[in-house]
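This report describes one protein model, part by part, for a reader who is new to structural description. Please keep the sequence and the three-dimensional view at hand while reading.

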Amino acid sequence: MLLSQIRSLLQTIGLESSHQQNSNDKEIAPFICSAPVKYMYAKSSPDYMKTGNAVLKFMLINQRADFSFALFTGGLSNPTLVSVSNHVSFINPKAPVYPRLALGKKWDEMTVTWTSGYNIGEAVPFVEWSRKGTRSRRSPAGTLTFTRNSMCGAPARTVGWRDPGFIHTASLKDLWPNLKYTYRMGHELMNGSIVWSKNFTFKSSPYPGQDSLQRVIIFGDMGKGERDGSNEYNDYQPGSLNTTDQLIKDLKNIDIVFHIGDITYANGYISQWDQFTAQVEPIASTVPYMVASGNHERDWPDSGSFYGGKDSGGECGVPAETMFDFPAENKAKFWYSADYGMFRFCVADTEHDWREGSEQYQFIERCLASVDRRAQPWLIFIAHRVLGYSTNDWYGQEGSFEEPMGRESLQKLWQKYKVDIAFYGHVHNYERTCPIYQNQCMDNEKSHYSGAFKGTIHVVVGGAGSHLSSFSSLKPKWSIFRDYDYGFVKLTAFDHSSLLFEYKKSSNGAVHDSFTIFREYRDVLACVRDSCEPTTLAS
């Protein structure tokens, strides 16, 4: 926490990195400097309007460079730089920070990704880890980064550019199931000394099919917030900190998190990725933090994305694919499967083509078809855009209640392979459907589902932080529960037969909607509409 006293009739104070490059391009307000980290109004201090004196407090995080305070007059519409403070320095700005755990490609692997200022020519990165009563092991880490030229357009290539440092990932292998491990990141310098992070802990994944208590958090569109009350250029995620804090508060009852797209809303201002990874560090350093690709990570014209918009601010997926690890075969194709105990997750990438005949469609079918439902009864589909059902206002105006071309190809896969629940973000609210197939409710029950599978339940859970989305005035029969508020979902698998679904408010963690599924393996095998292959009576 840094205290700055301002004794001048100035309108704003801005905080910037001393490593920024100035630019005459003005892509996005507030235009107060190149890639501002955050800013405050002097008049937000109670004494400013009376005395002309202001006391403003900024919370700084390590972003591998010195910081300065810049004083402006003229507000955001016509800022004029008056003065810049001396540099504020961290003891070691290159130190390893913000670890992010993720499931590996095998059930007994966990990856650790972190950020530092050390390139491989300066120091060798690794993770030291152990479980209680055993000797420590060291796993080497790979090092990646990206440059301004990696970006597809402005502001990411111009006023939004900021050096992201170096991103390191180590894979911890041959883990024992459901055991607590301690780890820390290290960088061995050329002189033989080691720069260490602090110690962290995580619990390893259960064996696939293992019958134990397993708890999953799912949400989309969270973004970041500023705990010091300051502003940044993209200040429209008012629920972000509440969601983050509720997860931190309940962390001992959480095993894995899925953030299903629209991760930071950096939108081309690269400094925001550090801000976000710092915000979620208490969560991501303790449980696997799995991400999916959204329009604000990927979309840019002529970049290969399925949509031609500019929602990524010129990032075109590069920071997201570098800053977080996920078990995809090709990071640029942001789809993957993940096994966690009794769960199989099939994570799609709505910013690439998912329609029948596409490469991604083939992956989705393989992911759904290859799971052994006797061992992993809970089959979950995840995507950012709503490929299923939503009564969001703009979908309602189109008359489709879905992303255009959304469910046309995929609904037969969900039904054939008996997907229990499909989750989506993109729409910033909460909504749950009945078990549905081809626009028709297959079960009229609302709170408890048992016996043979009838249809997939579709859930919009995009209200984790960003400005809320309005519902259509029309509410079809299939829309069971809607909530115009901030929240997230928690799934609790008690065993192979019992699953609890809870939608919780970000404001207080209270359960606002819930249902249970009770299904034996024989119920999974049972044939229902369009779910079984043709049969014959031939002997």
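## Gln63 and its surroundings

Leaving aside neighbours within four places in sequence, Gln63 is in contact with Val37, Arg162, Ser271, Asp274 and Gln275; contact means heavy atoms within 4.5 Å. Gln63 is found in the loop between strand S4 (54–58) and strand S5 (67–73). Helices (H or I, at least four residues) and strands (E, at least two) are DSSP runs, numbered from the N terminus. Gln63 has a relative accessible area of 1% and is therefore buried. Here, buried means under 20% relative accessible area, exposed over 50%, and partly exposed in between, with a 1.4 Å probe and protein chains only.

The model is a predicted one, in which local features need pLDDT of at least 70 and side-chain atom pairs count only at pLDDT 80 or more, while totals for chains, interfaces and linings use all residues. Residues are numbered from 1 along each chain as its sequence is written, and side-chain values use heavy atoms, with hydrogens and water left out.

Tyr98 has its place in strand S7 (residues 97–103). Its relative accessible area is 6%, so Tyr98 is buried. Apart from neighbours within four places in sequence, Tyr98 is in contact with Ile61, Asn62, Thr113, Trp114, Asp274, Thr277, Ala278 and Glu281. Tyr98 and Phe276 are 178 residues apart in sequence, and their C-alpha atoms are 9.4 Å apart in space.

Helix H3 (residues 271–279) is largely enclosed by the rest of the structure, because 8 of its 9 residues are buried. The buried residues of H3 are Ser271, Gln272, Trp273, Asp274, Gln275, Phe276, Thr277 and Gln279.

## Domains

The protein is divided into domain 1 (14–93), domain 2 (95–140 + 164–175 + 184–197) and domain 3 (212–525); these bounds come from an automatic or database domain assignment. Between the C-alpha centres of domain 2 and domain 3 the distance is 29 Å. The contact takes 16 residues from domain 2 and 23 residues from domain 3.

## An open sheet and strand S15

An open sheet of 7 strands has the order S17-S16-S15-S27-S28-S29-S24, with mixed pairing; two strands pair if DSSP finds at least two bridges between them. Strand S17 (289–292) and strand S24 (448–450) stand at the edges with a single partner strand each, so one side of each has no neighbour in the sheet. From one strand to the next, the twist averages 15°. Helix H2 (residues 240–249) packs on the sheet and touches S15, S27 and strand S28 (498–505), and its direction makes about 25° with that of S27. Axes are lines fitted to C-alpha atoms, for helices over the stretch in contact, and angles run from 0 to 180 degrees between N-to-C directions.

Strand S15 (residues 214–219) is mostly covered, with 6 of its 6 residues buried. In a regular strand the side chains alternate between the two faces of the sheet. In S15, Gln214, Val216 and Ile218 point one way, and Arg215, Ile217 and Phe219 point the other way. S15 pairs with strand S27 (residues 487–493) in the antiparallel sense over 5 bridges, and with strand S16 (residues 256–260) in the parallel sense over 4 bridges. The bridge partners of Ile218 include Val489 in S27 and Phe258 in S16.

## Nonpolar cores

A nonpolar core is a set of buried Ala, Val, Leu, Ile, Met, Phe, Trp, Tyr and Cys residues joined through side-chain atoms within 4.5 Å. Of the 60 residues in the largest nonpolar core, Phe258, Tyr289, Phe345, Phe423, Leu491 and Phe501 touch the most other members. Domain 2 and domain 3 both give residues to this core, so it lies between them. A second, separate core of 26 residues includes Val371, Phe381, Leu387 and Val460.

## Helix H9

Helix H9 (residues 407–416) is largely enclosed by the rest of the structure, because 7 of its 10 residues are buried. The buried residues of H9 are Arg407, Ser409, Leu410, Gln411, Leu413, Trp414 and Gln415. These buried residues pack against helix H7 (359–369) and against strands including S20 (378–383) and S21 (421–424). H9 is followed by Lys418, whose phi is positive, near 60°.
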